[in-house]
Every structure is written in structure tokens, then in C-alpha cells.
Number of protein chains: 2
Amino acid sequence: MFNNILIIGLGLIGGSILQGIIDNRLVNHLYAVDFDKSIIDNAISEKLIQGGDDDLLALAKTGVLKDCECIIIAVPAFAVKNILSQIKTAIDDKLLPNDIIISDTASTKGNILKDAFDIFGELPPNLVLAHPIAGAEKSGFMARNGELFKAHKLIICPHDFNDKQAVDKIATLWQSLGASVDFMPCDKHDEVLALTSHLPHLLSYALTYQLAKDEESLNIFRYAGGGFRDFSRISASSPIMWHDIFLANKQAVLKGLENYQAILDELKNDILNDNSDDLLKTFEIAKNAREHFGRLLVEKEKLKNL
Amino acid sequence: MFNNILIIGLGLIGGSILQGIIDNRLVNHLYAVDFDKSIIDNAISEKLIQGGDDDLLALAKTGVLKDCECIIIAVPAFAVKNILSQIKTAIDDKLLPNDIIISDTASTKGNILKDAFDIFGELPPNLVLAHPIAGAEKSGFMARNGELFKAHKLIICPHDFNDKQAVDKIATLWQSLGASVDFMPCDKHDEVLALTSHLPHLLSYALTYQLAKDEESLNIFRYAGGGFRDFSRISASSPIMWHDIFLANKQAVLKGLENYQAILDELKNDILNDNSDDLLKTFEIAKNAREHFGRLLVEKEKLKNL
């Protein structure tokens, strides 16, 4: 598939890609960049990678990336733009091949497409946007797991000027890591993620904030049961990371939020006016959908254990 | 404490109270009423109760309840009014003692106080409203657990005309079952529960409904990750039960919902205008509060295992 790959960012996702590539012997030479130099040094001494640095351009200047065929950017969303800019510089300086395939793992896509256009002056044919729908409670390189993506969805968002071969190669790479690859337009991806991931986080933050504002909050939490526990778990997520995601996916998040607010208004009206039939119908539709989702989760668990 | 107790409703909560009373040998004679006669027959044949029926008045007419000292009503919220009405009839017919202590386990209180006033023409001094903050994923008598209430909160909502001795006796009963008893005015109870339990369910129903309405819903769910899984779990709850709770606690739910909508509007505005500082501040407050709640949960688990 590839002879050389460079992974930028050795957190949970980048680390798990690295480990999966090694476990499945997919690539001959692996290089990595991470802002934490000790992780790079450690990965080199453990012979996980053949080279690396905390600075992409410094690594490129050593010449080891001249034949690199693929870069996977696995850094937080807000840091992607800067990395793309460094890649542009390295290509201009002939430190990276002109036709190198560039891919990512970010959870928002429209903003990255825009950044790439701003930096390259076009949508690079070899830029393949990808998003693995996977994660774990722990983060960081030490939590890496070569099977993290097994039986999970990987969404590729092809753009209008994409090179088909480049897209196919990235799809094959992820399939080799066990992921199930789907294709989806960039704006649809951002809309789906806004509803299934970003909006739940925003709603959970909002409710926990509402409780925390109450002067008797310390007491109120003592009475909260399992419903609140599950609902609020994600409001302990990283404020900085989610701040970045909401702003990066602003348009889709706001659209989803406005639709949600309209549903809340309907429910408020139904409760106010004792519209029992409407309330029951809404809850039944939700319950059936959640049970359908529950069955999908069970199927996924079965696939993982194959 | 009590010589005779009658439990009405042998679901998870009523069954667990029964089992806890037996395990701790708190009462000499136990009676029960449940609309499912087979559960009563089973409980009698297993010698868990000394008598029972699927009809309160029929049981009362046998005369076995003439010396009964306490009734615990553990039926769904919407069914409490009818039970209170039957109790009134039985007292009027001298089939139940005039000074019998009547308690409940319902998760909303204002509506029950109103029902009691409508039926008795006053707030009965021996009516002690109680709400155990406990539950389990399974429901029904077979899922009963004598330790269900251990290290959980039990809220008693005394009313203005309550007999202090009756309140003390119900508090002692729940402490004997392992619960930690707190006292709270009725309206405060309903407000706290609206925020910590009822509102999360409404918000979860609303989001799952929003996804289910989308024509591509079957596909969308395939991309939903852990955040949505946790957030939406409670939207698989019983539509009828939650319909009843939202209407029973209408005033507090609507007040909580309106405050929540105001917070969503602020967040929408912050995202729209890139108000990074405000967004981060809100998320930080929520994260800290959730972590505080997480520590409370850990403490509770420790208490359970003592």
C-alpha cells in the first residue's frame, strides 16, 4: 500500500493508527511528529518508528521524508491549519514529494477544506479527509490500541477535485486497520456529527451548568440519580477541545441547535396544554429509535469480537 | 416500629421495601396489594406476606387490616390518587384504623398533596410523603433487592399539618432499610427532581426524536458514538411513565425547561459570535460541577460497600 508513512500527532488516535499499522505490517517505514519530544524519543527507542521530531520542518530538513508517500494528521482540530501550512512549506522546499497523499482524522471537515484552500490556493487532489468514529475513555499515546478502529465506522469525505487513487489508498489503509469505510459529502458529515456528537455535548454542558449555577448546587447533586449521571457524563469533557469543535463546526451545530430548540418548544407547549397524545407519540418515536440504536451497538460489539 | 404494614404495589420499589423489611425483621405482619394477582399468590406461598389481594377494598373487607399501622403506596404516580380514594373509603368503613400512617414513594409530590386534599378534604396529619432516590435497570417484583436503598437518599417532604410522630416513624423505617433521610419542602423537592431527573429525560427524548425524524435516521445512528450512547440511554425509558411524571410535575418542569432554554440561547449566541471566553467559562463551570458530582458518586459507592 505505502512504503513510507508520516504520522503527525501521537495521541490516542495517532498512536492507535501507528500501532495498527505495525501490528498488521502495512508499511515499511514509519515516521512521526509530536510536540512532546519524549514520546518521539520513546517511540524511536522502542523501534516503533524509524525517525521523528517535535518539529515537522526540522524532520523534513534531515531528508528522511523525501520519499514519504502519505501523511496522516492526527492533531486537535484547531492545530490542523498550522500543520497544513508547514506541509505546504516543506513541499515548496522539495522536502516532501509534490504528490504526497495528505489525510487527517479530525471530527469536523468543512473548516479543514477551507483552511486547505486558503493555504494551497486550491483543493489539493491528494488531500483526503477522513474521520474515524472511535475513541476511548483514556487519551494519549500510552492508551494506544491497534484494534481501536476495528468494527468502527471511518467516514471519508471526498472533495470535488480529489484524485480517485489517493481516496482509494486511504480507504484501503483504514480497511486494513479493521474499520468499515463509508463515503459522505463534507457538509453532510458535519451535519451528522453535529447531531450525534456535538449537540449532545452542548446540551449536557448546558444542563450541568444550569445545576451548577444554583446556589444550592452542592446539595442538588446529592439527589441526582442514574438519569443525570449518564446524561451529564460528557460534560466533564475537555472545555478547550469542545470549544474548538463548536466553533469549527459552527454552521452545522447552530442549525442542529435551532431544530432542537423548535422541538423543545413543541414539548413545552404539549406539557403546558396536557397534549397527552402528542407527548406519548414523540416519546414512542424516540424510544423506538433508541432501541434501534441499542441493537446497532450490540451488532457492533459482536463484530468486534469476531 | 410497626407491628403491621401494608404495601400497595409490588414492583421494583414496593418489592424491595418488602424484602428489606423482611431481611431486617422490622415488622411482624406484612400485607400487600398488587394488580397482578399471581405476584400476590406467589408472595403468600413463599411466606413473604401474611395476606394480600389484587383489590385493596376486598382485602380490607376480610378484616385483616383492622390493626394495620402503616400503608406504603408504591404504585406509578398516576395511580396514587385512586389508591388514596380507596384508602379513604376503607377508613370511612372502619376497615382501616382512623390514625393509620399513609406514605408513598412517588417521584413528584405537589400533585399528590393536591390529590390528598381533594379526597380527604384536608391534609391528613398521618400522610407522610417520601421519595427514595433509587432505581435499577430492571423493573418488577422479581428484580427486588432488600439492599436497593442502602446509601441512597430518601427525601421526606413534611407538610404543614403533619403529625411529627408519623414523620419520625417513616424516617426511622427508611433508615432501617439503609437509606440516608433528608427533609425538604414539597415544592423544593419537585424543583430539584425536575432539574436532576425529569429535565434530563425530556432533553434526551427531544434529541433522539430529532434524529429519528431525519429521513436518513437509520444511517445517522450508525455514526453515533459514545457521547450519544450515554446521552440517549434514558430516552428508551417508558413513554407512559414519563408522560405521567411531566404532567404531574408540570410547573417545576416548565420552570426548569425555560431556564434551560435561556442558557441554550446564550450558548447559541456565544457560538455565533465566537465568544470564546464566555464559552470556555460555561464549559469550565459545567466540567467542575460534573467532576464534583463524580466524586459524590464514588463516595456513595464506598458507603454501599461498608
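**Chain interface and helix packing**

Visitor: How many salt bridges does the rule find across the interface of chain B and chain A?

Guide: The rule finds 4 salt bridges there, a salt bridge being a side-chain nitrogen of Lys or Arg within 4 Å of a carboxyl oxygen of Asp or Glu. This is a predicted model, in which local features need pLDDT of at least 70 and side-chain atom pairs count only at pLDDT 80 or more, while totals for chains, interfaces and linings use all residues. Residues are numbered from 1 along each chain as its sequence is written, chains are lettered from A and ligands numbered from 1 in the order written, and side-chain values use heavy atoms, without hydrogens and water.

Visitor: Which residue does A:Arg233 form a salt bridge with?

Guide: Its partner is B:Asp230, with the closest N and O atoms 2.9 Å apart.

Visitor: And how many salt bridges over all chains?

Guide: The count is 28. Among them is A:Lys188 with A:Glu191, at 3.8 Å between the closest N and O atoms. Both residues lie in helix H7 (residues 186-213) of chain A, 3 residues apart, about one turn of the helix. Helices here are DSSP runs of H or I with at least four residues, numbered from the N terminus.

Visitor: Back to the interface. What area is buried between chain B and chain A?

Guide: About 8400 Å², with carbon and sulfur atoms giving 72%. That is the accessible area (1.4 Å probe) the two parts lose on being put together, summed over both. Chain B puts 84 residues into the contact and chain A 84 residues, contact meaning heavy atoms within 4.5 Å.

Visitor: New topic. At what angle do H7(B) and H11(B) pack?

Guide: About 65 degrees, with the axes 9 Å apart. Axes are lines fitted to C-alpha atoms over the stretch in contact, and angles run from 0 to 180 degrees between N-to-C directions. The two helices are therefore roughly perpendicular; under 35 degrees counts as roughly parallel, over 145 as roughly antiparallel, 65 to 115 as roughly perpendicular and the rest as oblique.

Visitor: Which residues in H7(B) meet H11(B)?

Guide: They include B:Asp190, B:Glu191 and B:His198, and those they meet in H11(B) include B:Lys255 and B:Tyr260.

Visitor: What about H10(B) against H7(B), what angle there?

Guide: About 125 degrees, with axes 11 Å apart, so H7(B) and H10(B) are oblique to each other. H7(B) contributes B:Ser197, B:His198, B:His201, B:Leu202 and B:Tyr205, and H10(B) contributes B:Pro239, B:Trp242, B:Ile245 and B:Phe246.
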